[in-house]
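Please read them with the structure open.

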Amino acid sequence: MEKKDLLVTKKALNKDVADALSFNEYSYVFNYSTDSPVGDSGSSLFAEFSIDDLIEESTLSDEEKKFCHENDFTFFGNSWQSWGEGGEIFPGEKQKKYIPVIPPFKQYVSWPGKYPKKNLSEKSNLKNLLEGFFVIYVRWDDIYLTFASTALVKSKTPLPPVAFFADSKRRRVYAVAYSDGKKWKAQEKAGEITTFFARNFFALRDGMKALFAAAPEKRFEQILPLNCGKNKILTGGWESWYNHYNHISQELISADLENLGKTENLIKKYFIDNQHETVFQVDDGWESACGEWTCNEKLFPEGMVNLSNAIVQKGFVPGLWLAPFIVDYRCDFCKRHRDWLLCDKNGKPVQAGFNFAWGAFGGKEQPGFPFAYYCYDLSKDEVINYLDLLMDKVINEWGFRYLKLDFLFAGMLNGKFKNGGTAYEWYDKAIKVLTKRKKNKNGQSVTYLGCGIPFETGFKDFPLSRIGPDTKEDWDYLPMKRFNFAGRPGAYVSLKSTLGHAFWDQAVFINDPDVVFMRYENIKLSDTEKELVALTNYLFASQIMHSDDPCHFDQEREEPFTKKIYELYQKFEDEEFGFLTVAKDLYIIFSRNGRYGGFINLNDKDVKIEKSLITKYLPSEKTFCIFKPVVEHAVESEKFFTAEKHSISIYEI
């Protein structure tokens, strides 16, 4: 589908939005024109933008326009779903592609739509293209040009999610819709792309708030019962995963529940002692099998109702992990409902991913790659009815009211749907069924956390969402790093995405960055690295989850470290922080009021930073600065700081 086949309408957005941004902005609405081909389009190139034309249309000064015209840009792009890395690519760099040593892992990081290679290759060299999804920007120093797919902000009907491709040599941006299987009609709306400029990080975030959260009290109202923040929505609690993983039992969880409020751990100090709503989440391991969402009575003999009641009696919000769209082919439930699986055009079940615990190595019980798991055909009414009954059981029978719904990307995978149509249309229907219970039968609020979530098709129904890969009690996961797997677990990739998506926070999502660590057992992170994770999550995201073992609290070492982090949280609770990436894995950070500045170094070596860089990006101009250390992991000289590897430093200026 060529651009000429579409009716393109450019319009300035409403005054409230425009007033919130630094510069003028435009929304480009794409409809099928009456003479365009109607039918099954697949994923097609449906919009093309000239970066230089947009610069000329902007209200940038002549000097700024000249600077942007004459210089290459830094590119920000995020993955199509939350487990992929979101971050910047500097001029001259290329995006690293996953080397598919384990083919099902591609589902995590590769867009499931067809790429219009022919259309794109006619316009650009495919090797030069930089890829991102939903929202991207190009940046010259601290001038941002943002491209956002905004069709779903006000639309009540599902529309295809968008992939962006940027060509730094031709200075073009292309938009592609994932609409495989869509039967388009003349004059039907295909998408909407909004572009705007911003002069600094805070203007960028304000622009996102104006586009996606013009009425934040309504946008995030489902999360407000859990809010404990003063100047932003902030939620948190404890979960079982990052210490026990799936090796849990009633005895172990009961002990954790009993001890969480008895030691001076972070959750007790920040949430419980301040009488904030506190989540206690039981993660993977409670179920009979993946896809068999019944209680494993061997591990939890008293059942899920008693487990939920025990959590409530301790004063916590009962939370539970589920992965409703995926299934282990071997489990009894799948054996009874093999006809529910999504299949490809050859009739083979679509592989949703890879997990040693959720598949067989081979044989009759494994129809695909070893240890692959599978997903449902969401076009089938019986599948939707099943999902509805499952959520009713978990919420109204068992009593859980914080639901972490995981592996949601599986609902957007492509296949031969029994009832035709497109993945995004069936996904929208299924998600609305999963999240329709805003209150339980007793009138208490229910909150949903999206994880492994397709960003664009999920942001309206999951305002609380993970925004990066899983973290880990180690800096990085080297086996998967060698194969450029962006969805690998580790503190490094998680931090990269927490920072990369910070401009979304309180706008597109209430960002969940994953857990913080305080412990000294079963962990390879240093104190400096743990402090980096704890402060980055607090300053640049909005959910503080903790997973350390409350039964084995190291009072001698853990209590003073926890006290230090808690006091820093208190110190910064009225501050809003931003950042600018000045080199690979090196970030200058600053508060909106200009009171604090500093830097984050994610590099594997110490890095020298000019002091003038810190003062350059402060929101308020300061000609003479004294740097008073608040958190310091650097050596100061007359003109430089030398930042320690894997560290954060913050100064009162």
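**Notes on the predicted model**

1. Q81 is buried, because its relative accessible area is 0%, under the 20% limit. Q81 sits in the loop between β4 (74-77) and β5 (87-89). Leaving aside residues up to four places away in sequence, Q81 touches Q107, Y108, F409, G452, I453, P454 and F455. Its C-alpha atom and that of L403 are separated by 19 Å. Along the chain, Q81 and L403 are 322 residues apart.

2. L403 also belongs to the core. The largest nonpolar core has 195 residues. Those with the most contacts inside this core are W286, F325, L403, F407, W504 and Y569. A second core is separate and has 28 residues, including F49, L54, V138 and A175.

3. Now helix α11, residues 303-313. Which of its residues are buried? They are G303, M304, L307, S308 and I311. Just after α11, G315 takes a positive phi of about 90°.

4. Helix α13 (residues 381-397) packs on helix α14 (residues 423-434). The angle is about 25°, and the axes are 9 Å apart. That angle makes α13 roughly parallel to α14, because the limit for this class is under 35 degrees. The crossing of α13 past α14 is right-handed. On the α13 side, the contact uses D381, I384, L387, D388 and M391. On the α14 side, K429, A430, V433 and L434 meet them. By class, the contact of α13 with α14 has six nonpolar, no polar and three charged residues.

5. Helix α17 (residues 491-500) and α18 pack at about 20°. Their axes are 10 Å apart. α17 is therefore roughly parallel to α18. Which hand does the crossing have, left or right? α17 passes α18 in a left-handed crossing. A491, L495, T498 and L499 of α17 make the contact with L532, V533, T536, N537 and F540 of α18. The contact of α17 with α18 divides into six nonpolar, three polar and no charged residues.

6. Helix α18 (residues 527-540) also meets helix α19 (residues 558-571). Their axes come within 11 Å and cross at roughly 30°. α18 is therefore roughly parallel to α19. The crossing of α18 past α19 is right-handed. From α18, the residues in contact are D527, K530, E531, A534, L535 and Y538. From α19, they are F561, K564, I565, L568 and Y569. How does this contact divide by class? The contact of α18 with α19 has seven nonpolar, no polar and four charged residues. Y569 is also among the residues with the most contacts inside the largest nonpolar core.

7. T471 lies in the loop between β22 (464-466) and α16 (478-481). Is T471 buried or exposed? T471 counts as buried, because its relative accessibility is 3%. Its contacts, not counting residues up to four places away in sequence, are Y242, P489, G490, A491, S494, D514, V515 and F517. A491 also takes part in the contact of α17 with α18.

8. Two loop residues deserve a check of their backbone angles. N522 is not a glycine, although its phi is positive, about 55°. N522 is in the loop between β24 (515-516) and α18. With a relative accessible area of 43%, N522 is partly exposed.

9. The other is D585. Its phi is near 60°, a positive value in a residue other than glycine. D585 is in the loop between β26 (577-583) and β27 (586-591). D585 counts as buried, because its relative accessibility is 6%.

Terms used: Residues are numbered from 1 along each chain as its sequence is written. This is a predicted model: local features need pLDDT of at least 70, side-chain atom pairs count only at pLDDT 80 or more; totals for chains, interfaces and linings use all residues. Side-chain values use heavy atoms; hydrogens and water are left out. A nonpolar core is a set of buried Ala, Val, Leu, Ile, Met, Phe, Trp, Tyr and Cys residues joined through side-chain atoms within 4.5 Å. Buried means under 20% relative accessible area, exposed over 50%, partly exposed in between (1.4 Å probe, protein chains only). Helices (H or I, at least four residues) and strands (E, at least two) are DSSP runs, numbered from the N terminus. Axes are lines fitted to C-alpha atoms, for helices over the stretch in contact, and angles run from 0 to 180 degrees between N-to-C directions. Angles under 35 degrees count as roughly parallel, over 145 as roughly antiparallel, 65 to 115 as roughly perpendicular and the rest as oblique. A crossing is left-handed if the near helix is turned anticlockwise from the far one by less than a right angle, and right-handed if clockwise. Contact means heavy atoms within 4.5 Å. Ala, Val, Leu, Ile, Met, Phe, Trp, Tyr, Cys and Pro count as nonpolar, Asp, Glu, Lys and Arg as charged, and the others, Gly among them, as polar.
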